[in-house]
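This report concerns helix packing, nonpolar cores and aromatic contacts. The sequence and the model are shown first.

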Amino acid sequence: MVIRKSYEEFLQKAESLVRKMQGRTSAEEHPSVLNGHPLAAVLFNNLPSIPADSFQFPQDVDKRADLSLEIERVMRESAPAGWKGDDIRERQILNALFPLFNRDSTATEAIFDIIRNQPDEA
């Protein structure tokens, strides 16, 4: 009986934890247009803190979401397989991202660092 009661308590705690985690909806962190786009959601959340020399990151939520989706699209279309850690392939990606930031190398490299540190992206 003690084991059963402990197991029931464990299941209740696990259920409570899952409910708490589900309660953190992505809509609270980013616009719903980013649902299903994990890289774009990460970028959206980080764009306000990205250093830049000349590029002005959008303050408008919708424009920021659009930029995040555009970055994700560029990554999907231009990132070759096995690019992480390969200097030539990483340079290809930087070159593809560069125009999105009005040729601001500081902003481009900061975004690229975020992307490179994402697990299993592109």
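Two residues are in contact when they have heavy atoms within 4.5 Å. The model is predicted: local features need pLDDT of at least 70 and side-chain atom pairs count only at pLDDT 80 or more, whereas totals for chains, interfaces and linings use all residues. Residues are numbered from 1 along each chain as its sequence is written, and side-chain values use heavy atoms, with hydrogens and water left out.

**Nonpolar cores**

A nonpolar core is a set of buried Ala, Val, Leu, Ile, Met, Phe, Trp, Tyr and Cys residues joined through side-chain atoms within 4.5 Å. Buried denotes under 20% relative accessible area, exposed over 50%, and partly exposed the range in between (1.4 Å probe, protein chains only). The largest such core has 23 residues, and those with the most contacts inside it are Phe57, Ile71, Met75, Leu97, Phe101, Ile111 and Ile115. At least two residues of this core come from each of α3 (38-46), α4, α5 and α6; α6 provides the largest share, 6 residues. Helices are DSSP runs (H or I, at least four residues), numbered from the N terminus.

Leaving aside neighbours within four places in sequence, isoleucine 111 is in contact with Leu43, Leu47, Ile50, Phe57, Ile71 and Phe101. Another core, of 5 residues, lies apart from the largest one; among its members are Leu34, Ala40, Phe44 and Ala65. In soluble globular proteins, nonpolar side chains tend to be buried together.

**Helix α5**

Within α5 (residues 87-97), the buried residues are Glu90, Ile93, Leu94 and Leu97. Viewed down the helix axis, the buried residues of α5 fall within an arc of 100°, so they line one face of the helix; the arc is that of the directions from the axis to the C-beta atoms. The cover over these buried residues includes α4 (61-78) and α6 (105-116). On the face of α5 turned away from the buried side are the exposed residues Ile88 and Asn95. Aspartate 86 caps the N-terminal end of α5, with a side-chain oxygen 3.1 Å from the backbone nitrogen of isoleucine 88.

**Aromatic contacts**

Rings of Phe, Tyr and Trp (its six-membered ring) pair if their centres lie within 6.5 Å; planes under 30 degrees apart count as stacked, over 60 as edge-to-face and the rest as tilted. The whole structure contains 4 aromatic pairs, including the two tabulated here.

| Pair | Centre to centre | Angle between planes | Class |
|---|---|---|---|
| Phenylalanine 55 and phenylalanine 101 | 5.3 Å | 85° | edge-to-face |
| Tryptophan 83 and phenylalanine 112 | 5.5 Å | 50° | tilted |

Phenylalanine 55 lies in the loop between α3 and α4 and phenylalanine 101 in the loop between α5 and α6, so their pair ties together parts that are 46 residues apart in sequence. Phenylalanine 55 is buried at 11% relative accessible area, and phenylalanine 101 is buried at 0%. Ring pairs link Phe55, Phe57 and Phe101 into a cluster. Tryptophan 83 lies in the loop between α4 and α5 and phenylalanine 112 in helix α6, so this pair ties together parts that are 29 residues apart in sequence.

**The loop between α5 and α6**

Asparagine 102 is found in the loop between α5 and α6 and has a positive phi near 50°. Arginine 103 is placed in the loop between α5 and α6 and has a positive phi near 65°. Most residues other than glycine have a negative phi. Asparagine 102 is exposed, with a relative accessible area of 55%, and arginine 103 is exposed, with 60%.

Definitions and conventions:
Polar contact = N/O pair within 3.5 Å; in protein donor to acceptor, adjacent residues only side chain to side chain.
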